[in-house]
Amino acid sequence: MRKATFGLLLCAAVSIATPGAIARAQQLAGTSVETEAEVLSDKVNDPVAILTQLKSQDIYTPRNFQSTAQTNTIQLQTVLPIDPSSIIALEQVVRPTLKVQTQAVGPSSQTITEFDDLQLFDLFILPWPDESTTSFAWGLGPMFVFPTATASETGKQAWQLGPALAMEFRGVPRMRIGFLFQNPISYAYTSRSATPQNQMLLQPVISFRLGNGWYVKSADSTLTVNWRHQTSTTLPISFGFGRVWDWPSLKLDTWVSGEWTSYLQFAGITPMYSVRFGITLLLPDFDL
């Protein structure tokens with residue numbers, strides 16, 4: 001007892017002279033305190049997290065299948081949590097995604113730069129089963145694809161609608177495991193040459209918090225399976241790392257990851273491997 005009391009007094013004395021030593025003293029006393037950067041590093045890759053985010057990333061592809069062109073995509077996303085209302089007593093997460101693509105148009109190095117179709121999902125965060133007892137969080141809702149592409153090479157020339165489902169398991173300390181599933185289906189077209197669309201988009205999400213805002217992840221690749229006969233299937237995998245920066249007036253998430261297409265079938269010009277660079281403005285105190 002005397003030794004334990006002496007140890008706590010020593011930790012308290014050091015904390016007066018050393019910034020950040022309070023947290024270390026609490027850890028020595030058998031407790032741990034998560035900083036806001038660590039809490040946010042758990043949420044930035046969670047598709048059902050209630051966290052307002054303004055995301056931007058650059059996807060550079062130095063090599064493609066069936067083309068010698070180097071391609072690039074600028075992707076902008078906004079994640080908007082919506083508080084429960086008198087009409088819908090559920091939290092929502094709305095995420096629109098806009099892309100500008102430099103796309104290969106043939107086996108040579110020729111490229112074009114155009115807007116892609118706009119994607120949006122609206123997930124209703126469901127309160128059952130109880131997350132406090134199951135460690136599962138999930139959301140269900142519709143997803144939309146609007147034909148905003150400015151070239152047929154970058155868009156599908158079709159209005160699309162389908163289901164979206166996201167799930168996250170939070171029961172392992174420092175780790176998040178989940179997925180985002182979407183399946184857009186075309187129902188109207190902007191061109192007579194457009195082809196019907198029905199595809200599964202599955203994004204596995206695994207992240208592990210290292211501490212001090214740092215994390216590693218495999219959460220950026222989207223597996224694409226087109227359900228129509230002899231249409232494309234691509235199965236990329238990714239791995240990367242990032243850090244949440246927690247400043248008094250600014251909170252940012254910066255990250256980098258690599259992606260490799262491990263399998264493809266009936267696919268045309270497809271990225272062989274890519275490098276992603278991302279920066280996200282985090283607004284934890286803002287919601288609608």
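**Backbone and packing**

Mentor: Let me begin with Arg174, which sits in the loop between strand S7 (158–169) and S8. Please keep in mind throughout that this is a predicted model.

Trainee: OK, and what is the phi of Arg174 about?
Mentor: The phi of Arg174 is positive, at about 70°, although this residue is not a glycine.

Trainee: Is Arg174 buried, partly exposed or exposed, and why?
Mentor: Arg174 counts as partly exposed because its relative accessibility is 39%.

Trainee: Which other residue has a positive phi although it is not a glycine?
Mentor: Gln66 is such a residue, with a phi of about 65°, and its place is in the loop between strand S1 (52–65) and strand S2 (71–82). Gln66 has 55% relative accessibility and therefore counts as exposed.

Trainee: Switching to peptide bonds, where is there a cis one?
Mentor: The bond from Trp128 to Pro129 is cis, with omega near -5°, and Pro129 lies in the loop that runs between strand S5 (118–126) and helix H4 (131–134).

Trainee: Now helix H3, which of its residues are buried?
Mentor: Within H3, which covers residues 36–43, the buried ones are Ala37, Glu38, Leu40, Ser41 and Asp42.

Trainee: And what do they pack against?
Mentor: The buried residues of H3 pack against several strands, namely S8 (175–182), S10 (199–211), S11 (214–218), S13 (233–247), S14 (250–265) and S15 (270–283).

Trainee: You mentioned S15, so where does Thr270 belong?
Mentor: Thr270 is part of strand S15, and it counts as buried because its relative accessibility is 10%, where the cut-off for buried is under 20%.

Trainee: What is Thr270 in contact with, leaving aside neighbours within four places in sequence?
Mentor: With those neighbours left aside, Thr270 is in contact with Asn64, Phe65, Thr234 and Leu264.

Trainee: Last topic, charges: which residues gather in a patch of negative charge on the surface?
Mentor: That surface patch of negative charge brings together Asp83, Glu91, Asp285 and Asp287.

Trainee: Take Glu91 from that list, then: which strand is it in, and is it buried, partly exposed or exposed?
Mentor: Glu91 has its place in strand S3, which spans residues 91–104, and since its relative accessibility is 30%, Glu91 counts as partly exposed.

How values were computed. Residues are numbered from 1 along each chain as its sequence is written. This is a predicted model: local features need pLDDT of at least 70, side-chain atom pairs count only at pLDDT 80 or more; totals for chains, interfaces and linings use all residues. Side-chain values use heavy atoms; hydrogens and water are left out. Buried means under 20% relative accessible area, exposed over 50%, partly exposed in between (1.4 Å probe, protein chains only). Helices (H or I, at least four residues) and strands (E, at least two) are DSSP runs, numbered from the N terminus. Contact means heavy atoms within 4.5 Å. Patches are made of residues with over 30% relative accessible area and no salt bridge: like charges are joined within 9 Å, nonpolar side chains (Val, Leu, Ile, Met, Phe, Trp, Tyr) within 5 Å. Accessible areas come from the Shrake-Rupley method with a 1.4 Å probe; for residues, only the protein chains shown count as cover. A salt bridge is a side-chain nitrogen of Lys or Arg within 4 Å of a carboxyl oxygen of Asp or Glu. Lys and Arg count as positive and Asp and Glu as negative; His and the chain ends are not counted. The place of a charge is taken as NZ of Lys, CZ of Arg, CG of Asp or CD of Glu.
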